[in-house]
Amino acid sequence: MKEQKNKFLGYIESEKNYSWNTVSNYARDLDQFAAFLKGRELPGVTNLTIREYIVGMNAKKYGKATLERKIATLKSFFKYLKREGILKSNPAENISFPKKEKKLPRFLEEQEVAHLLDGIDITEENGKRDKAILELLYSAGIRVGELTGLKTGEVDISNALVKVLGKGSKERIVPLGEKAVAAINSYLASKKHDTEWLFTNNKGNKLDPRLVRFLVDKWVSRCSLNKHISPHSLRHSFATHLLNHGADLRSVQELLGHSNLSTTQIYTHVTTERLKEVYKKAHPRA
């Protein structure tokens, strides 16, 4: 299975343009399935085999979103094997997905974002870089993979714009706020390594998405924010705050790079829940 797994991962990365994070998750999912097979060959995998595997995953109390991804991994993998002629049939074809629970995105209040961004110590080593990264995540609402893939030439400082390569290799232009522009300018003036990548590690290499998650955790802890957030939470905050201030859903969809409006509509639930909380607290007969 190892050989077929590696070919499949190469296919989804090079031809399907899946993100590094997605490819990494698919690799872990397939390793987990291989461990379940205990050396059994792929031609011997049946629909029942996969159902038994899913039952085992359910027993491990995985969240529905995680379980759904693991099923999607297998469906995609076996579809690929059949298309390549490695298998005569697809045993995962009729496997159904669990009903996905709807979770409202985790975001920061506006004053919490300000507290976080203003609390970054730019006198520390990499402080200016970290400040520019967090300001950009919030100002443009971009994904971590989009941020780490940015090249210096894709940031138009004079016009306060950034060109982003999103999912499916779709490009979009996103405006930048004044504070983000100032932070990026300050970082570029102190940047040690002359590379094409906008953000680099201490060796001058392209930034790893895991490092972005680490530095967000670091500054959240330093600023004593009592919330567990991820870099993606800044993207959620970006969208939520835009809608709170009157932006229309279509514009937010375009800024986020969502292909479907339904994906963006979850933020309307966030703002509705917020209005309900305000109403309960403020109305005398709520």
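1. Buried here means under 20% relative accessible area. By that cut-off, Tyr267, Val270 and Thr271 of helix α13 are buried. The three cover an arc of only 90 degrees around the axis, which puts them on the same side of α13.

2. Helix α13 itself spans residues 266-282, 17 residues in total. From first C-alpha to last, α13 reaches 25 Å, close to the 24 Å expected at 1.5 Å a residue.

3. The model is predicted, and confidence should be read alongside the points above. The chain averages a pLDDT of 91, with 99% of the residues scoring at least 70. Within the chain, confidence is lowest in α13, at a mean of 82. The highest value belongs to helix α6 (residues 127-140), at 97.

4. On the sheet: three strands form an open sheet in the order β1-β2-β3, and the pairing is antiparallel. β1 (155-156) and β3 (171-175) are the edge strands, each pairing on one side only.

5. Strand β2 (residues 161-165) runs antiparallel to β1, and two bridges join them. For aspartate 156, the bridge partner in β2 is leucine 161. In general, strands of a sheet pair through backbone hydrogen bonds, either parallel or antiparallel.

Note on methods:
Residues numbered from 1 in each chain as written. Predicted model: local features only at pLDDT ≥ 70, side-chain atom pairs only at ≥ 80, totals over all residues. Heavy atoms only, no water. Helix = DSSP H or I, 4+ residues; strand = E, 2+ residues; numbered from the N terminus. Expected span 1.5 Å × (residues − 1). Buried < 20%, exposed > 50% of the residue type's maximum accessible area, 1.4 Å probe, protein only. Arc of directions from axis to C-beta. Pairing = 2+ DSSP bridges. pLDDT = per-residue confidence, 0-100.
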